[in-house]
Amino acid sequence: MRLAIDRESPDLPAVEQAVCTELAAVDAGPEVCNQVLVAILEAVANALRHGRTLDGAGRPVLLDLEVSDGRITATVTDDGPGFDLAACPDPRAPERLLLPGGRGLLLMRHYMDSVNHAFPPGGGTVVTLRRSVPAAGPEAEDPRRREDRG
């Protein structure tokens, strides 16, 4: 699935619905789906907020999502100037705890197996989020079944 998200009027509820529809194919359960959704929306929000060209213009943010073989891969691409990952402050630092933002990277890293940032030579940022999803068998669907078999 590929979505082009308009910078001037991003329809984040539509993005959420599209992602949830794709994630339903994995049958990962609501907790995993919510975690992956939060990570993807954080990457999209960062791209919308920070990923513009220096002159303020910009193409839409692209979201590519692939769900197959127990693996979720989301790629968010913008055309901004990029940034220095090492310069991003730790939102857990005491002086940052009460600030209203700055937790997106932390949430992405917490909820996903891997988060990679690439900065192509022509500009922009490409964030790739990956998460493996264990196969959901009959026992994973209803934990009470395990108790009944014992």
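**Strand pairing, cysteines and model confidence**

Strands β3 and β5 (residues 125–132) pair in the antiparallel sense over 8 bridges. Within this pairing, I72 stands opposite R131 in β5. The structure is a predicted model, and the pairings described here are read from that model.

Strand β3 (residues 71–78) is also joined to strand β2 (residues 61–68), by 7 bridges, and these two strands likewise run antiparallel. D64 faces T75 of β3. A hairpin is formed by β2 and β3, with 2 residues between the strands; in the turn, D69 adopts a positive phi of about 50°. Strand β3 is mostly covered, with 6 of its 8 residues buried.

C20 counts as partly exposed, at 33% relative accessibility. C88 is partly exposed as well, with a relative accessible area of 31%.

The mean pLDDT is 85, and 87% of residues reach 70 or more. The highest mean, 97, is found in strand β4 (residues 114–118), whereas the lowest, 39, belongs to helix α5 (residues 144–149). Over residues 138–150, pLDDT stays under 50, and the model has 6 contacts beyond four places in sequence for this segment.

Methods. Residues numbered from 1 in each chain as written. Predicted model: local features only at pLDDT ≥ 70, side-chain atom pairs only at ≥ 80, totals over all residues. Heavy atoms only, no water. pLDDT = per-residue confidence, 0-100. Helix = DSSP H or I, 4+ residues; strand = E, 2+ residues; numbered from the N terminus. Contact = heavy atoms within 4.5 Å. Buried < 20%, exposed > 50% of the residue type's maximum accessible area, 1.4 Å probe, protein only. Pairing = 2+ DSSP bridges.
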